[in-house]
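Student: I would like to learn how to read strands, loops and helices in a model. Can we work through a case?

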Amino acid sequence: MYRDGKIYMGLADGQKVCMELNMCNRHGLIAGASGTGKTITMKAMAESFSDAGVPVFLCDVKGDVSGLAMPGAQSESMEKRIDKFGIRDSFQYQAYPVTFWDIYQENGHPVRATVSDMGPEILSRILGLTPAQEGVLNIVFRIADDKGLILVDLKDLKAVLNYVSEHRKEYLTTYGNVTPQSIGGVIRALIPLESQGGDLFFGEPDLDIFDWIRTDSRGKGMINILDSVKLVQNPTLYASFLLWMMAELFERLPEAGDMEKPKLVFFFDEAHMLFTDAPRVLIQRIEQVVKLIRSKGVGIYFVTQSPGDIPDSVLAQLSNRVQHALRAYTPAEQKAVRVAAQSFRANPAFKTEDVIMELGVGHALTSFLDDEGVPGIVQQTAIICPQSLMGPVDEGVRRSLMANDSMAKYDEYVDNWTAYEVLTDLAEAEEKEAALEAERAQLAKEREEFEKTKEKEALLAQKQREKEEEAARKKKEKEEEAAAKKREKAAERRKAQIERTLINTGAQVLKRGLFKTLFK
């Protein structure tokens with residue numbers, strides 16, 4: 001509940017406990033075991049920020065934060081709490097302006113970012129790449145920029161990775177060595193992100209972060225609720241989204257300095273998922289953003305079970321704290337209680353470590369910055385009750401609000417002409433050119449074979465002609481030889497005939513001479 005520059009958080013020893021609105025961009029922590037009232041505290045804060053005209057973003061990990069869009073329900077217990085906190089004159093059951101978002105596009109408008117917006121540095125941290133693989137990813141982004149290849153979704157990134165791998169020899173002297181092993185490692189690292197919903201998160205139209213920084217017609221800050229029931233089950237994508245969002249705000253918002261109120265306040269529920277097994281470089285990145293984004297007028301509040309879930313370097317930046325009950329049954333849990341107690345400025349009226357384990361539901365230890373930025377002493381506080389519905393909103397109401405919140409522009413996915421399409425066309429053109437080249441080579445080969453065949457046929461024909469000529473010559477020679485022999489035989493027959501004729505003639509002559517002689 002907001003009034004006169006202060007957010008009324010509850011009562012401690014009959015005195016109001018408030019947060020100074022101008023100190024709310026110093027970030028904060030809401031911690032406590034399951035079922036101790038963290039969600040109620042987060043809702044009460046969100047309502048107060050909205051009343052103060054401060055836009056809010058929060059994650060709904062259990063599905064019950066959506067009740068902010070509906071007025072609370074009157075009940076006997078609520079009426080007692082209203083009287084207890086002395087807010088009868090100002091409390092009213094009311095709905096708050098809410099816009100629903102959902103990366104999985106089921107219970108809210110889509111939240112999308114482009115691969116280019118994410119950048120190689122954050123993407124490398126999220127994917128847990130080795131230094132060599134991170135270097136390759138930086139090269140791939142650089143080549144994409146130089147060639148005008150727009151990286152929007154994961155298929156664009158994979159297309160460019162494959163393209164660079166295929167043409168790595170061409171880029172060796174200009175960009176450095178790119179090994180197939182490193183490219184393969186990056187592609188393998190993308191598989192979990194894609195299977196968790198990365199194909200839905202990366203795309204267009206990408207979210208304009210300023211669409212979260214809005215107020216309604218009454219001047220109330222818009223409460224943007226990200227449905228995270230499914231998202232928190234996919235920690236890689238959840239961490240990707242949170243890192244992208246913080247980086248986007250840091251890069252796009254101008255410096256604001258000290259302000260009367262924040263431009264925007266974020267609540268990150270299940271914050272431990274952002275830090276679990278996170279490499280040191282990733283924690284340093286988060287620490288840097290948390291430390292510097294304050295000057296942009298943005299407040300970040302982490303919601304988790306134990307302060308120990310948050311790295312010390314980040315925890316040191318969280319000045320406004322609400323600590324609900326912690327349970328301590330094991331040595332590790334007892335240590336967590338001591339750590340939580342030591343993070344508060346001590347109150348001589350009680351021992352903080354003991355009170356943490358004794359707090360009831362809806363009660364918490366609180367410490368907020370005063371208007372000079374000095375942390376207040378820890379106080380045992382009964383947290384104020386929300387004015388909106390405690391449970392989830394009706395599905396019909398959700399759909400009605402979504403239809404009238406002017407954010408429908410994000411609902412339809414737009415598949416623009418980006419790297420994937422460019423490289424697909426290029427690959428098809430290269431395939432066609434390769435096919436034409438292969439066809440030309442085949443034709444040349446066939447022509448060469450045809451020419452060789454013609455030469456062979458001509459040679460065979462020449463040999464056949466020569467063979468036929470040789471046969472004809474030999475035949476002619478045989479015929480001439482036979483004719484000569486025939487002529488010789490004929491001549492011999494004539495000679496023999498002549499000789500016989502001569503003999504006969506001579507015999508007759510002799511005979512006639514003899515007769516003449518005898519009868520003379």
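Tutor: Start with a pair: Arg321 stands opposite Ser367 in strand 11. Strands here are DSSP runs of E, at least two residues, and helices are runs of H or I, at least four, both numbered from the N terminus. This is a predicted model, where local features need pLDDT of at least 70, side-chain atom pairs count only at pLDDT 80 or more, and totals for chains, interfaces and linings use all residues. Residues are numbered from 1 along each chain as its sequence is written, and side-chain values use heavy atoms, leaving out hydrogens and water.

Student: In which sense do strand 10 and strand 11 pair?

Tutor: Pairing needs at least two DSSP bridges between two strands. Strand 10 and strand 11 (residues 363-367) are antiparallel, over three bridges. Strand 4 runs parallel to strand 10, with four bridges. There, Gly28 faces Asn320.

Student: Which residues lie on each side of strand 10?

Tutor: In a regular strand, side chains alternate between the two faces of the sheet. In strand 10 (residues 320-323), Asn320 and Val322 take one side, Arg321 and Gln323 the other, and all are buried. Buried means under 20% relative accessible area, exposed over 50%, partly exposed in between (1.4 Å probe, protein chains only).

Student: Is Arg26 buried or exposed?

Tutor: Arg26 counts as buried because its relative accessibility is 18%. It sits in the loop between strand 3 (15-20) and strand 4 (28-31).

Student: Why is helix 1 called largely enclosed?

Tutor: Twelve of its 14 residues are buried, so the rest of the structure largely encloses helix 1. Met42 and Phe49 are among them.
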